Amino acid sequence: MDSIVVTGGGPLAGEIPIAGAKNACLALMPATLLSEEPLTLTNTPRLSDIKTMTTLLQSLGAEASALQDGQVIAMSSHDLSSTRADYDIVRKMRASNLVLGPLIARCGHAEVSLPGGCAIGARPMDLHIHGLELLGAEIDLRDGYLHAKAPNGLKGAEIELAFASVGATENIVMAATLAKGTTVLTNAAREPEIVDLVTCLKQMGAQIEGEGTHRIEIQGVDRLHGATHQVVADRIELGTYMLAPAIAGGEVECLGGTIDLLSAFVERLDAAGIAVEETARGLKVARKADRVRAVDVTTEPFPGFPTDLQAQIMAMLCTAEGTSELNETIFENRFMHAPELTRMGAQIEVHGGTARVTGVERLKGAPVMATDLRASVSLILAGLAAEGETVVNRVYHLDRGYEHVVRKLSGVGAQIERVKA
Ligand code: UD1
């Protein structure tokens, strides 16, 4: 298996292009199932998760192909041949469950494997199921699969989510676009990826209001048509690369994205002593002092601090002046990077959902490995300023969510290479 070798070095300088959002794209691609006409996405990221979703759509009989070096995905679901999302695909990627709502809405039935838990938590689907049942779907769990049918079609309903789940909001909104009548979804998730999905659905002819707020209202229509949609910038990739100069020093301009995608994160960077400036092309980030200051962080649904940037900011706080407290409120087991960072000399104590990080002057390179995507990249970030060599193993996690990580970081002066196994 390949590994990534990072040698800690001096300040970074230059530009890093930011790709389209993985998490937006993974919700936008299943939207093709809602229409017989083609859906084309532009600004798509080149990632293994996107390939997995492509394979899943193809297994349902949809056409899906990557064009222009993977930055465009052209899809058509004119003729679907299956409504079964197989365990072999779903187990690789939880977001496969986003075909459930569109398949029931378009075909009246679906069999979707339950994804099971993953390293960061149990991640059940009860909120998706409850919402779709209120829309009129009958859903049973048999043989590890959700068997869903809507013999009388879907009907608009009032649905209140017990928690503002991103995936449940996406599944329910997609299903409701073709339901009869009005659906009002309250305590909906407000993430920019949901706004992006709704923008695309509206282009396809859906009638939706309130995206980006806790109350989304959907007026069902008989059919959706084709569209071409540009995927929003990946705020998690953006935040990750903003931390590179924060950790290694220097100044980097991230091309793509705006502060409003990451306001709580930018506010924490500011408190830590990192300057962030919005430019015409993206965000420019510079470290003002030799060391950053400790800051406390609590993860929350959008617009709060994203859980998907918790591991990366922890890498920065390992060398901050003072002690920081990180509270993880979204996933129950999302500190697996802490013991790996400790192997690099970090001082971290974890108690339940809280990690206390006492900054040391410098980390030391070490062989490390991670069990999830964001944890892997946090180890690369930590290695940028560590003394000596950090070897990050299990890089297949990175390939799921970061395109060209070596090219992007070496482009701003980092010493980083991928070593083939
Ligand atoms: C999405 C993102 C993921 C991000 C997460 C939170 C995608 C493809 N993935 O995941 O990167 O970390 O949002 O911002 O967009 N929950 C339930 N029951 C449910 C659904 C969720 O209890 O039916 C719980 C989960 O276990 C978790 C919390 O709600 O503890 C948040 O999950 P959710 O917002 O649904 O995240 P995902 O859509 O899976």
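Trainee: How many salt bridges does the rule find across the interface of domain 1 and domain 2?
Mentor: The model is predicted, with local features needing pLDDT of at least 70 and side-chain atom pairs counting only at pLDDT 80 or more, while totals for chains, interfaces and linings use all residues. Residues are numbered from 1 along each chain as its sequence is written, and side-chain values use heavy atoms, with hydrogens and water left out. A salt bridge is a side-chain nitrogen of Lys or Arg within 4 Å of a carboxyl oxygen of Asp or Glu. By that rule, the number of salt bridges across the interface of domain 1 and domain 2 is three.

Trainee: Which residue meets the side chain of Glu403 in a salt bridge?
Mentor: Side chains of opposite charge can pair when their charged atoms come close. For Glu403 the N to O distance in the salt bridge is 3.1 Å, and the partner is Arg46.

Trainee: How many residue pairs in polar contact does the rule find across the interface, and which element gives the largest share of the side of domain 1?
Mentor: A polar contact is a pair of N or O atoms within 3.5 Å; within protein, one must be able to donate a hydrogen and the other to accept it, and residues adjacent in sequence count only if both atoms are side-chain atoms. Helices (H or I, at least four residues) and strands (E, at least two) are DSSP runs numbered from the N terminus. On the side of domain 1 that touches domain 2, the elements giving two or more residues are α12 (373–385) and α13 (396–401), and the largest share, three residues, comes from α13.

Trainee: How far apart do the C-alpha centres of domain 1 and domain 2 lie?
Mentor: Domain bounds come from an automatic or database domain assignment. It gives domain 1 as 3–19 + 233–419 and domain 2 as 22–230. The distance between their C-alpha centres is 31 Å.

Trainee: What area do domain 1 and domain 2 bury between them, and which residues of domain 1 lose the most area to domain 2?
Mentor: Buried area is the accessible area (1.4 Å probe) that two parts lose on being put together, summed over both. Domain 1 and domain 2 bury about 1900 Å², 51% of it on carbon and sulfur atoms. In domain 1, the residues that lose the most area, together 32% of what that side buries, are Phe302, Arg400 and Glu403.

Trainee: How many of the residues of helix α6 are buried?
Mentor: Buried means under 20% relative accessible area, exposed means over 50%, and partly exposed lies in between (1.4 Å probe, protein chains only). Helix α6 (residues 166–176) is largely enclosed by the rest of the structure, and its buried residues include Glu170, Asn171 and Met174. Of its eleven residues, the number buried is ten.

Trainee: Which residue's backbone oxygen lies 3.1 Å from a polar atom of the side chain of Ser77?
Mentor: Ser77 is placed in the loop between β5 (72–76) and β6 (84–85), and its relative accessible area of 0% makes it buried. Contact means heavy atoms within 4.5 Å; leaving aside neighbours within four places in sequence, Ser77 is in contact with several residues, among them Leu33, Ala62 and Arg106. The backbone oxygen in question belongs to Thr32.

Trainee: Is Gly365 buried, partly exposed or exposed?
Mentor: Gly365 is in the loop between β21 (354–358) and β22 (367–369). Its C-alpha atom is separated by 8.6 Å from that of Ala382, 17 residues apart along the chain. At 25% relative accessibility, Gly365 counts as partly exposed.

Trainee: Which residues do salt bridges that share partners join into one network?
Mentor: A separate salt bridge, 2.9 Å from N to O, pairs Asp399 with Arg418. This pair links Asp399 in helix α13 to Arg418 in strand β24 (residues 415–419), 19 residues apart. The members of the network are Arg46, Asp69, Glu237, Glu403 and Lys408.
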